[in-house]
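Here is a short briefing on one protein structure. Look at the sequence and the 3D view before reading on.

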Amino acid sequence: FICRDLATGRRVWENTNVSLYGGSMTAFDGLVVLQSRDYRAGRFTVEAIETRSGRTVWQREIQQDNVISTPVIYDRKVFVCARKLIYCLEFDSGREIWVKAYPFDIASDTVFASGTLFAATEAGQILVLDPSNGDTRHVLSFLPGKLPFAVVGENLFVYETASGTLYKTS
């Protein structure tokens with residue numbers, strides 16, 4: 001994992017212990033949080049790396065997953081999905097706050113709005129979750145398939161790909 005100066009392209013630092021495998025990362029408060037995969041050992045981790053030095057601050061092993069989600073940070077907590085699980089980790093230490101299993105694979109990054117955590121499942125559901133403990137507040141059901149969604153203000157927009165329909169809820 002290499003950090004380069006945007007203006008010059010010069011290498012600033014390198015962390016050879018991290019293998020970002022197709023996912024995105026989130027930067028917050030001097031750290032970059034990302035999913036990493038050690039192919040040889042078959043380990044999947046969430047890691048926090050200092051943006052200035054590339055030093056690994058913490059690393060937390062998670063369930064193996066082929067779908068890479070972007071870690072989401074809210075209220076100094078990191079939320080990351082792996083198969084049927086959502087992990088909530090402490091931002092500063094990586095300590096597990098909670099991990100919750102859901103009936104279907106999570107098929108999206110988590111999204112926050114108005115103190116609520118949202119995630120889509122492969123079964124055509126949008127889970128509306130309590131970020132303090134992962135409990136399901138309610139479930140919005142759609143046709144099975146991909147469910148791209150976005151929260152804008154107080155409105156949730158869901159595109160049901162199976163029918164080609166855009167839904168708006170508030």
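The points below cover a sheet and some charged pairs. The model is predicted: local features need pLDDT of at least 70, side-chain atom pairs count only at pLDDT 80 or more, and totals for chains, interfaces and linings use all residues. Residues are numbered from 1 along each chain as its sequence is written, and side-chain values use heavy atoms, leaving out hydrogens and water.

**The sheet**
- Four strands form an open sheet in the order β3-β4-β5-β6, with antiparallel pairing; strands are DSSP runs of E, at least two residues, numbered from the N terminus, and two of them pair if DSSP finds at least two bridges between them.
- At the edges lie β3 (26-28) and β6 (56-62), each pairing on one side only.
- Strands β4 (residues 31-38) and β5 (residues 43-50) run antiparallel and are joined by eight bridges.
- D38 has R43 in β5 as its bridge partner.

**Salt bridges**
- There are 11 salt bridges in the structure (a side-chain nitrogen of Lys or Arg within 4 Å of a carboxyl oxygen of Asp or Glu).
- R11 pairs with E14 in a salt bridge whose closest N and O atoms are 2.4 Å apart.
- R11 is partly exposed at 39% relative accessibility (buried means under 20% relative accessible area, exposed over 50%, partly exposed in between, with a 1.4 Å probe and protein chains only).
- Another salt bridge joins D29 and R76, with the closest N and O atoms 3.0 Å apart.
- This pair links distant parts of the chain, 47 residues apart: D29 is in the loop between β3 and β4, and R76 in the loop between β7 (72-74) and β8 (77-82).
- D29 is exposed at 51%, whereas R76 is partly exposed at 34%.
- Salt bridges with shared partners join D29, R76 and D92 into one network.
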